[in-house]
Amino acid sequence: MILQLLGAAGAGKSTLSAMLSRQTGLPLLQADFYRWQDGQFEQTRPVSVRRAMLAQDLACHPSCLLDGGLSDWLPEGLLQPDLLILVRCPQKTRMERLIQREQTRYGRQCLSPDHPHYQLTQEFLNWAAGYEDYGLEESNSLASHMAVLAQTPCPSLVLWNTASPEILLRQAAELFRLL
């Protein structure tokens, strides 16, 4: 059984994934781990390395939670989740979370033009702000995520992250129990 969570950066999918992993005992695989080879989110791994790492992890953990999307580097059909959850969140809340997260990672001054991570922070925040406006050409967009939900043969759920994490966990767990 593979449970995959999709959503915009800052929507709360990683928080919900971690909570679900603890509750269910399923291993948690994070898409960002495969994509990024450094903790600063500056250097991506080659696609062939990502695919090999994911294949190895899925062979070891055929039942798992997958936090994030892989569609921009994993050929269609290679990963068939048994349950798909799209975590949504109001853009203002997401962007506030992302700014806080960037400041926690890189320092409160990362929004200052003289900070060494300023340019990357601005590029990331600008990209994240476009989630609802991007089309299908962007794999991490609302349009792409809705298309995935429309095409998936597995049960799916859209959760609005406007409640407490515990309420979201209960909603996701209820669907999980139906399988």
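User: What makes two strands a pair here, and how are S1 and S4 related?

Analyst: Two strands pair if DSSP finds at least two bridges between them. Strands are DSSP runs of E of at least two residues, helices are runs of H or I of at least four, and both are numbered from the N terminus. The model is predicted: local features need pLDDT of at least 70, side-chain atom pairs count only at pLDDT 80 or more, and totals for chains, interfaces and linings use all residues. Residues are numbered from 1 along each chain as its sequence is written, and side-chain values use heavy atoms, without hydrogens and water.

User: Why are S2 and S5 said to stand at the edges of the sheet?

Analyst: The open sheet has five strands in the order S2-S3-S1-S4-S5, with parallel pairing. Strand S2 (28-30) and strand S5 (156-160) each have a single partner strand, so one side of each lacks a neighbour in the sheet.

User: What makes S4 mostly covered?

Analyst: Buried means under 20% relative accessible area, exposed over 50%, and partly exposed in between (1.4 Å probe, protein chains only). Six of the six residues of S4 are buried. Leu 83, Ile 85 and Val 87 point one way, Leu 84, Leu 86 and Arg 88 the other way.

User: What is called a nonpolar core, and which residues of the largest one touch the most other members?

Analyst: The term denotes a set of buried Ala, Val, Leu, Ile, Met, Phe, Trp, Tyr and Cys residues joined through side-chain atoms within 4.5 Å. The largest such core has 17 residues, of which Leu 3, Leu 5, Leu 16, Leu 20 and Ile 85 touch the most other members. Strand S1 (2-7), helix H1 (13-24), S4 and helix H7 (165-178) each give two or more residues, and H7 gives the largest share, four residues.

User: How do you know that the buried residues of H6 line one face?

Analyst: In helix H6 (residues 142-151), Leu 142, Ser 144, His 145 and Leu 149 are buried. Seen down the helix axis, the buried residues fall within an arc of 165° (taken from the directions from the axis to the C-beta atoms), so they line one face of H6. The face turned away from that side carries the exposed residues Ala 150 and Gln 151.
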